Amino acid sequence: MTDIRRVRVLVSGLVQGVYFRVTCAREAAAAGVAGWVRNLPDDRVEAVFEGDGKAVDRMLAWARQGPPGAVVRRVEVQGEPAEGLVGFEVLRTE
């Protein structure tokens with residue numbers, strides 16, 4: 001049985017305008033993680049990662065670094081019930 005896990009993350013710092021969302025989607029696809037990512041009006045990035053526990057941990061580690069050019073200052077993580085998401089989307093700004 002696979003350990004399916006879901007987390008919502010809020011990433012603060014210089015994380016918009018540095019290809020954070022596009023790179024996040026690429027990393028999630030490589031890790032086999034479902035979910036979504038979007039920019040927030042307050043300059044943070046919000047994402048949901050759902051999948052195998054180790055793959056979600058991989059995405060959390062990536063989010064703490066971000067893509068080249070990002071300066072991640074804070075990552076808030078909140079566990080949520082899994083919803084059975086499929087695929088990973090880049091959403092429009094909220």
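Residues are numbered from 1 along each chain as its sequence is written. Because the model is predicted, local features need pLDDT of at least 70 and side-chain atom pairs count only at pLDDT 80 or more, while totals for chains, interfaces and linings use all residues; side-chain values use heavy atoms, with hydrogens and water left out.

The chain contains 2 helices and 5 strands, where helices (H or I, at least four residues) and strands (E, at least two) are DSSP runs numbered from the N terminus. Read from the N terminus, the order of elements is β-α-β-β-α-β-β. The radius of gyration is 12 Å, close to the 12 Å that the globule rule gives for 94 residues, so the chain is as compact as a globular protein of that length. That radius is taken over C-alpha atoms, and the rule is 2.2 Å times the number of residues to the power 0.38. The C-alpha trace spans about 40 × 25 × 20 Å along its principal axes. Of the contacts (heavy atoms within 4.5 Å) with a separation of 6 or more, 79% are between residues 24 or more positions apart.

An unreviewed UniProt entry lists residues 6-92 as "domain: Acylphosphatase-like". UniProt positions are given in the numbering used here, feature names are shortened, and annotations may be inferred rather than shown by experiment.

Buried residues make up 45% of the 94 residues in the chain; buried means under 20% relative accessible area, exposed over 50%, and partly exposed in between, with a 1.4 Å probe and protein chains only. The largest nonpolar core has 24 residues. Such a core is a set of buried Ala, Val, Leu, Ile, Met, Phe, Trp, Tyr and Cys residues joined through side-chain atoms within 4.5 Å. The elements that give two or more residues to this core are β1 (4-14), α1 (20-31), β3 (45-52) and α2 (53-63). The largest share, 6 residues, comes from α2. The residues with the most contacts inside the core are Val9, Val11, Phe20, Cys24, Phe49 and Met59. Leaving aside residues up to four places away in sequence, Met59 touches Cys24, Glu27, Ala28, Ala31, Val33 and Phe49.

Phe49 also belongs to an aromatic pair. The structure holds 2 aromatic pairs, counted when rings of Phe, Tyr and Trp (its six-membered ring) have centres within 6.5 Å; planes under 30 degrees apart count as stacked, over 60 as edge-to-face and the rest as tilted. The ring centres of Phe49 and Phe88 are 6.2 Å apart and their planes lie at 25°, so this pair is stacked. It links distant parts of the chain, with Phe49 in strand β3 and Phe88 in strand β5 (residues 88-90), 39 residues apart. Phe49 is buried at a relative accessible area of 0%, and Phe88 counts as buried at 17% relative accessibility.

Which charged side chains pair across the chain? There are 10 salt bridges in the whole structure, each a side-chain nitrogen of Lys or Arg within 4 Å of a carboxyl oxygen of Asp or Glu. One of them joins the side chains of Arg6 and Glu80 at 2.8 Å, N to O. Arg6 lies in strand β1 and Glu80 in strand β4 (residues 71-80), so the pair ties together parts that are 74 residues apart in sequence. Both Arg6 and Glu80 are buried, Arg6 with a relative accessible area of 5%. Arg6 also forms a salt bridge with Glu83, the closest N and O atoms being 3.5 Å apart. Glu83 is in the loop between β4 and β5, 77 residues from Arg6. In contrast to buried Arg6, Glu83 counts as exposed at 58% relative accessibility.

Glu80 has a further partner in Arg8, with the closest N and O atoms 2.5 Å apart. Arg8 is in strand β1 and Glu80 in strand β4, so this bridge ties together parts 72 residues apart in sequence. Arg8 counts as partly exposed at 21% relative accessibility. Salt bridges that share partners join Arg6, Arg8, Arg38, Glu46, Glu50, Glu80 and Glu83 into one network.

Strand β4 also holds Arg74, which is exposed with a relative accessible area of 51%. Not counting residues up to four places away in sequence, Arg74 touches Leu10, Val11 and Ser12. The C-alpha atoms of Arg74 and Arg64 are separated by 7.5 Å, and the two residues are 10 residues apart along the chain.
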